[in-house]
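These are my notebook entries on one chain, written while I went through its model.

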Amino acid sequence: MGKYKFIKKSILGFCLLMMCVQPFKPENEKVDADVTVIHGDFNGDGKVNVMDKIYIKQYKLGERTTFPVTNWRAAAGVTDIGSTVSDFPDVNKYILKAESDIFIGEDISCFNGIDVSKWQGVIDWNTVKEAGIDFVMIKAGEGLSIEETFFRNIEGAKKAGVQCGIYWFANARTVEQAKLEAMACKTVMTNYKLEYPVVYDFEYRTLDNNNPLATDRKAATDAIIAFLDIIAEHNYYPMVYSNKDFPNRYLEIERITEKYDFWYANLSVTTPDVECTMWQYSHTGRVPGIPEIVDRDYSFIDYKSRMIELGLNGY
């Protein structure tokens with residue numbers, strides 16, 4: 001699994017206040033020497049859903065790469081079948097124990113964000129920061145063109161201490177055009193340290209005007225991966241943006257999300273119903289300092305720490 005994929009290390013951060021978290025002891029569990037499988041309401045909110053996966057990955061799985069089955073040998077890279085748990089003092093990073101005392105009911109880590117473009121007008125970034133916004137995803141461009149408000153927004157956000165990522169809206173009709181869009185994006189962001197990912201926003205409007213990618217799932221997916229691969233090759237952290245319907249209609253989404261993080265848009269749920277690292281939950285938010293309505297987002301990753309750890313995005 002590539003270094004861009006969620007999650008390699010336990011993440012601690014802010015609380016997702018809408019979660020009501022209580023200690024929980026699983027009722028149904030299977031345990032053997034190497035593999036522990038537990039299904040249930042791990043975050044104690046009374047539901048068994050995607051948020052339990054996020055909770056487990058943040059607090060219980062450490063560096064392991066699969067859910068819900070945890071094989072500590074595979075996760076720790078152990079090739080000697082004679083090795084035992086006692087040979088690894090840090091084995092708790094790799095194995096999910098069955099004892100109830102590990103279910104201590106931490107809240108889901110969450111960072112509070114927005115995404116903006118020219119449609120949000122002139123933004124008072126100091127006021128935005130004071131309103132409790134941790135991060136912003138800024139539209140940097142579309143096709144081969146720079147967004148007219150990009151430099152004003154990123155300079156203002158950074159000066160105010162709001163962590164920044166960017167997104168690039170896709171107009172590509174071929175894989176080669178997607179690669180050109182990636183290079184245009186790379187040129188725009190070269191002079192900035194970015195705490196959050198570089199996102200390819202490939203959606204319905206991309207497929208207007210008889211775009212041939214609208215009828216070819218493989219080619220559309222190839223175009224997205226081509227963009228993200230180039231971003232990764234230039235030492236930036238790539239991500240894809242989409243909702244629930246679009247991938248079902250037009251993409252082979254698993255090919256993308258098995259390698260890169262997913263910024264998921266769904267306004268009709270109270271928690272994500274698809275595994276993701278960022279969730280766009282509203283198109284009609286109001287934030288002091290922004291004169292127009294604005295998209296609201298949560299991030300379940302401390303991305304700045306990730307960038308510093310991996311030496312990406314200018315860090």
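The entries below start with conventions and then go from the whole chain to single residues.

**Conventions.** I am working from a predicted model, in which local features need pLDDT of at least 70 and side-chain atom pairs count only at pLDDT 80 or more, while totals for chains, interfaces and linings use all residues. I number residues from 1 along each chain as its sequence is written, and the side-chain values use heavy atoms, with hydrogens and water left out.

**Whole chain.** I find nine helices and twelve strands in the chain, taking helices (H or I, at least four residues) and strands (E, at least two) as DSSP runs numbered from the N terminus. Of the 315 residues, 52% are buried; I use buried for under 20% relative accessible area, exposed for over 50% and partly exposed for values in between, with a 1.4 Å probe and protein chains only. The accessible surface comes to about 14200 Å², and carbon and sulfur atoms hold 51% of it; the areas come from the Shrake-Rupley method with a 1.4 Å probe, and for residues only the protein chains shown count as cover. Among contacts (heavy atoms within 4.5 Å) with a separation of 6 or more, 69% join residues 24 or more positions apart.

**Largest pocket.** Which residues are closest to the centre of the largest pocket? The largest pocket has a volume of about 550 Å³, and of its 29 lining residues the closest to the centre are Asp201, Glu203, Tyr241, His283 and Asp295. A pocket here is an open set of points on a 1 Å grid over the protein atoms alone, where a 1.4 Å probe fits, with protein on both sides within 12 Å along at least five of seven lines; lining residues have an atom within 4 Å of a point. Grid points are joined across faces, edges and corners, and the volume is the space filled by probe spheres set on them. I sorted the lining into twelve nonpolar, seven polar and ten charged residues, with Ala, Val, Leu, Ile, Met, Phe, Trp, Tyr, Cys and Pro as nonpolar, Asp, Glu, Lys and Arg as charged, and the others, Gly among them, as polar. Elements that each supply at least two lining residues include strand 4 (111–116), strand 7 (163–169), strand 9 (238–243) and helix 7 (245–250).

**Helix 4.** In helix 4 (residues 150–160) the buried residues are Phe150, Asn153, Ile154, Ala157 and Ala160. They cover an arc of only 140° around the axis, which puts them on the same side of helix 4; the arc is that of the directions from the helix axis to the C-beta atoms. An α-helix has 3.6 residues a turn, so residues three or four places apart point the same way. The buried residues of helix 4 pack against several elements, among them strand 4, helix 3 (125–130), strand 7 and helix 5 (175–189). Just after helix 4, Gly161 has a positive phi of about 90°.

Lys118 is in the loop between strand 4 and helix 3 and counts as partly exposed at 34% relative accessibility. Its C-alpha lies 9.0 Å from that of Asn153, 35 residues away along the chain. Leaving aside neighbours within four places in sequence, Lys118 is in contact with Glu147, Glu148 and Thr149.

**Helix 9.** Tyr303, Arg306 and Met307 are buried in helix 9, and they cover an arc of only 100° around the axis, which puts them on the same side of helix 9. Their cover includes strand 9, strand 10, strand 11 and strand 12 (294–299).

Most residues other than glycine have a negative phi. Is Asn313 buried or exposed? Asn313, in the segment after helix 9 (303–310), has a positive phi near 60° and is buried, with a relative accessible area of 0%. Asn210, in the loop between strand 8 (198–201) and helix 6 (217–233), has a positive phi near 55°, yet Asn210 is exposed at 74% relative accessible area.

**Arg296.** Arg296 lies in strand 12 and is buried, with a relative accessible area of 13%. Arg296 and Asp115 are 181 residues apart in sequence and 6.7 Å apart in space, C-alpha to C-alpha. Beyond neighbours within four places in sequence, the contacts of Arg296 include Asn112, Ile133, Trp279 and Tyr281.
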